[in-house]
Every structure is written in structure tokens, then in C-alpha cells.
Amino acid sequence: MIILDLHGYTLQEAYKETHEFVKECHKDRVKKVKVITGKGEINKEFPMWLERSPLVRKMEQTSDGGCWHLWVAISQRREDEDDFYQRL
């Protein structure tokens, strides 16, 4: 499973990295990834970043070892990819 660990990122860095990560996973047809947000501000903001994303089908929040992890299922929908990714 592919994991993105956002520990040590600022909110702005984490936001940008998360969206780039999701786009790359979608392009590579990765179906499920794990995102480690930690317990801070990123954890609070993370669900709002992706709730309207056409690339994310489902998010589940789980607790593991004191950190909060969010599982993001990447949709496999394919359109005219160049136009689609430029709009995101």
C-alpha cells in the first residue's frame, strides 16, 4: 500500500502535497492509499480538502498507534485525461 506521511508539513504544504499525491495515484490507477496526518491541524483540515474531489470515492478515519490515518479510495474513472487533470 502506498503511504503519504504529512508529519512535519505546514498546512499549505500538506494541502498541496495531498492533492498532487491523489492526482498521481489516480493517474497510476492506485485504488487505495493511506495518509498519515498526525493529531494536529492537518488532521482537522484534511477531510475538507478532499470531500468534493472527483478523484476520491471514500474516506475512512481510523486510529492507529496514537496517530490518525485516513484511508482514501481513489476512483478509477477515466476521461480525457489531459483536460481532466488540468481542471483540478
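Leaving out the residues up to four places away in sequence, Phe46 is in contact with Leu6, Thr18, Val35, Thr37, Met59, Leu70 and Val72, where contact means heavy atoms within 4.5 Å. The model is a predicted one, in which local features need pLDDT of at least 70 and side-chain atom pairs count only at pLDDT 80 or more, while totals for chains, interfaces and linings use all residues. Residues are numbered from 1 along each chain as its sequence is written, and side-chain values rest on heavy atoms, with hydrogens and water left out.

Phe46 is also among the residues with the most contacts inside the largest nonpolar core, together with Leu6, Val33, Val35, Leu50 and Val72, and this core has 18 residues. A nonpolar core is here a set of buried Ala, Val, Leu, Ile, Met, Phe, Trp, Tyr and Cys residues joined through side-chain atoms within 4.5 Å; buried means under 20% relative accessible area, exposed over 50%, and partly exposed in between, with a 1.4 Å probe and protein chains only. At least two residues of this core come from each of helix 1, strand 2 (32-36), helix 2 (41-50) and strand 4 (67-74), where helices (H or I, at least four residues) and strands (E, at least two) are DSSP runs numbered from the N terminus. In soluble globular proteins, nonpolar side chains tend to be buried together.

Within helix 2, the buried residues are Ile42, Asn43, Phe46, Trp49 and Leu50. Seen down the helix axis, these buried residues fall within an arc of 115°, so they line one face of helix 2; the arc is taken over the directions from the helix axis to the C-beta atoms.

Helix 1 has 17 residues and reaches 24 Å from its first C-alpha to its last, close to the 24 Å expected at 1.5 Å a residue, the expected span being 1.5 Å times one less than the number of residues. Its buried residues are Ala14, Thr18, Phe21, Val22, Lys23, Cys25 and His26. Thr18 counts as buried because its relative accessibility is 0%, and, residues up to four places away in sequence not being counted, Thr18 touches Leu4, Leu6, Phe46, Trp49 and Leu50.

The structure holds two aromatic pairs, a pair being rings of Phe, Tyr and Trp (its six-membered ring) whose centres lie within 6.5 Å, with planes under 30 degrees apart counted as stacked, over 60 as edge-to-face and the rest as tilted. The rings of Tyr15 and Trp49 have their centres 5.4 Å apart and their planes at 90°, so this pair is edge-to-face. The pair links distant parts of the chain, with Tyr15 in helix 1 and Trp49 in helix 2, 34 residues apart. Tyr15 is partly exposed at 41% relative accessible area, whereas Trp49 is buried at 13%, and Tyr15, Phe46 and Trp49 form one aromatic cluster.

Two loop residues complete the tour. Thr37, in the loop between strand 2 and helix 2, is buried, with a relative accessible area of 4%, and a polar contact of 3.2 Å joins its side chain to that of Asn43; a polar contact is a pair of N or O atoms within 3.5 Å, where within protein one must be able to donate a hydrogen and the other to accept it, and residues adjacent in sequence count only if both atoms are side-chain atoms. Arg29, in the loop between helix 1 and strand 2, counts as partly exposed at 45% relative accessibility, and has a positive phi of about 60° although it is not a glycine.
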